[in-house]
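Subject: Structure handover

Hello,

Here is the structure for you to take over. My notes on what was found in it follow below.

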Amino acid sequence: MLQVLDALLKSTLEAAPALVFAALGAVISERAGVVNVGIEGMMRAGAFAAAVAALVMPTPAGVVVGMLAGATLALLHAWLCIRWRADQVVSGMAINLVMLALGTFVLEARFSPNGTPSIAQLDRYLTGVPFIGGFTALTVLALAAPFALHGVIQRTRFGLRLRAAGEKPQAVAAMGVSVSRLRYLAVVCSGLLAGLGGATLSVAVLDRFEHHMPSGLGFMAVAAMVFGRWTPLGAAGAALFFSFGSALRIGLTSSAPGVLEVVPQGFLMALPYLLTLALLAAQKKGAGQAPAALGTPYDPELR
Amino acid sequence: MRRALPSVLSVLIALLVSFIAAAFTLGDLGQAASAYLAMLQGAVGDWPRYFETGNPSTVLRPIGEAGTKAALLTLTGLSVAVAFRVGLFNIGAQGQMVVGALAAAFIGAQLQLPSPLHVTLALLAAALLGSCWALLATGLKLWRGVHEVISTIMLNWVAVSLVENWLVVGPLKATASGTNSLSGTAQIHATAELPRLVADYSRLNLGFFIAVALAVAVTVWMQRTRAGFESRAVGLAPKAAEAAGVPVARRVLQAMAVSGALAGLAGGTLILGTELKYPATLASPYGFDGIAIALIGQGHPLGALGTALVFGALRAGGTHMQLFGVHKSFPELIQGLALLLVAAKLFWERLVAKKPAAGGVT
């Protein structure tokens with residue numbers, strides 16, 4: 001029994017960091033009022049850049065390169081949405097489409113069709129120790145980051161302004177603070193986190209970039225953000241819950257295939273999304289938790 | 001025509017940027033140029049070779065492939081464009097296409113009917129299921145206030161999980177005959193196949209004409225009928241429309257039902273025209289492409305048709321780029337870049353506004 005729990009915990013905490021980082025990235029951007037459905041593309045960029053960079057430099061430096069790759073795409077997203085008032089969903093989807101194709105193209109042209117060569121994974125600490133051993137530093141970071149972000153958003157002046165930029169940007173402008181700058185900063189941070197999430201996949205979960213990465217995890221991060229009602233702790237909790245769900249599913253497939261005869265795997269895979277939908281449907285209409293100015297470009301001439 | 005300017009320029013710039021990216025990645029300008037030439041020949045046919053050899057398949061096969069892909073892109077592009085008309089962003093075309101494809105595969109394989117009836121029934125089933133899937137999200141939007149972008153993204157994954165990880169590998173799995181193991185659902189009957197137009201030379205099928213006809217029909221509906229006009233009012237200013245007596249909820253439901261049906265039909269056309277069964281995974285994300293097609297087409301049904309023809313052709317050509325070390329998904333990169341460029345709304349508004357003639361873009 002303990003062994004089963006240990007295995008479940010291990011595989012949850014192995015899969016969760018990528019989703020947690022990406023979900024936090026989604027939260028920070030959307031709290032500032034910029035929709036970010038481009039998380040999937042930014043994760044893909046991060047995963048690819050980290051795996052390629054780690055071929056020529058130490059793996060932790062590769063992770064940083066992955067984060068920067070995500071941030072670069074985020075900067076593009078921010079520039080289109082803020083400077084050129086692009087529809088934020090369109091811009092995000094465009095980033096997803098571009099990265100999906102670009103990743104495949106560069107992978108095929110420069111490496112093998114299936115993935116990049118193997119790299120050294122991040123170090124794992126206390127391997128062999130039950131329950132708390134065998135994780136990379138990223139797992140620890142993923143458990144601490146939600147609290148840190150919660151603190152920043154709820155308890156600092158910067159956090160207050162960030163939330164205001166998402167709720168009532170006119171108020172921020174009236175205070176003499178630049179809405180654009182706040183939003184740029186938030187979106188770029190979002191890209192850093194999404195890139196980190198992607199990098200986690202290629203340097204900690206696996207040891208290379210595979211052609212299908214992150215295979216929908218970015219969209220699941222958006223689901224986690226909504227499920228967690230746009231709060232860092234809620235989003236991270238949802239991400240952990242989703243990861244636990246998939247760990248349970250994978251565990252069941254290997255150890256008790258009989259269960260899957262009764263409950264088909266497809267149902268279990270659809271469950272996180274169905275739960276998110278159910279939760280949203282159950283909320284009181286109009287009492288949505290989304291930031292009020294989410295998705296609207298800031299126009300200083302409007303009041 | 002003025003409305004088309006941003007799109008045309010965006011596609012041209014995207015072609016250029018992608019060329020530079022290809023040359024840079026391959027490290028060889030000549031190779032990138034050859035790859036582009038191969039793409040062109042794969043898109044519109046290798047005419048010099050046709051005149052040399054007189055073999056019709058050198059031009060008919062590429063054009064047929066282009067038409068087949070353009071048909072699917074047109075349908076999903078129309079789907080997204082129709083939803084846009086009432087102000088909804090249907091990111092769920094992919095999920096609606098998946099359930100539509102499954103419905104077509106099911107009817108095609110499980111029923112025994114005479115040909116015209118069988119094809120029609122399978123396509124109707126695809127449209128109906130796609131419609132239902134879209135209405136789920138619409139209902140959540142109208143009555144529970146759930147934003148359609150979120151709900152359709154969720155429903156996409158629900159559709160894929162349920163169809164590909166349950167139905168296709170479970171209840172609807174093809175029974176293995178003899179020693180060869182099969183993946184996906186059972187093969188559809190010949191009576192359910194969409195008729196091919198020049199059977200010996202290309203896979204071009206009736207689906208192409210269905211798509212073109214629907215693009216025209218949607219244009220007429222949007223531009224020439226009262227319902228279309230009211231839908232547009234709903235999309236532009238829902239409160240004003242309601243005050244003017246437009247049945248807002250009905251128009252939204254109607255448009256989303258059509259939107260889902262079009263995406264479902266794309267799935268049906270894919271199965272009945274080329275796949276002939278629901279494969280283990282429906283690898284092609286035509287539903288997501290529909291977003292790009294509709295937006296590059298400026299949300300206009302004929303714009304979507306034109307964009308779909310261009311990118312259908314480029315995609316057919318994309319498979320010919322493999323010889324030069326360029327993956328066949330390269331045209332999707334061009335498409336994504338074009339969408340990114342089109343997205344910079346204010347830029348185009350200013351560019352067009354600078355021109356002397358009156359009548360700006362709305």
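A place to begin is A:Cys81: because its relative accessibility is 1%, and the cut-off for buried is under 20%, this residue counts as buried. Please keep in mind throughout that the model is predicted.

A:Cys81 takes part in no disulfide. The nearest cysteine sulfur belongs to A:Cys189 and is 16 Å away, while a disulfide would need the two sulfur atoms within 2.5 Å. Over all chains, the count of disulfides is zero.

On chain A as a whole, the secondary structure consists of twelve helices and two strands. Read from the N terminus, the order is α-α-α-α-β-β-α-α-α-α-α-α-α-α.

As for overall shape, the C-alpha atoms of chain A fill a box of roughly 60 × 45 × 35 Å along the principal axes. The radius of gyration is 19 Å, which agrees with the value near 19 Å for a compact globule of 303 residues. Of the 303 residues in chain A, 52% are buried. Taking contacts between residues at least 6 apart in sequence, 77% join residues at least 24 apart.

Last, the surface and the charges. Chain A exposes about 12600 Å², and 68% of that comes from carbon and sulfur atoms. The chain carries 20 positive and 13 negative side chains, and 13 Å separates the centres of the two sets.

Regards

Technical notes. Residues are numbered from 1 along each chain as its sequence is written. Chains are lettered from A and ligands numbered from 1 in the order in which they are written. This is a predicted model: local features need pLDDT of at least 70, side-chain atom pairs count only at pLDDT 80 or more; totals for chains, interfaces and linings use all residues. Side-chain values use heavy atoms; hydrogens and water are left out. Helices (H or I, at least four residues) and strands (E, at least two) are DSSP runs, numbered from the N terminus. The radius of gyration is taken over C-alpha atoms; the globule rule is 2.2 Å times the number of residues to the power 0.38. Buried means under 20% relative accessible area, exposed over 50%, partly exposed in between (1.4 Å probe, protein chains only). Contact means heavy atoms within 4.5 Å. Accessible areas come from the Shrake-Rupley method with a 1.4 Å probe; for residues, only the protein chains shown count as cover. Lys and Arg count as positive and Asp and Glu as negative; His and the chain ends are not counted. The place of a charge is taken as NZ of Lys, CZ of Arg, CG of Asp or CD of Glu.
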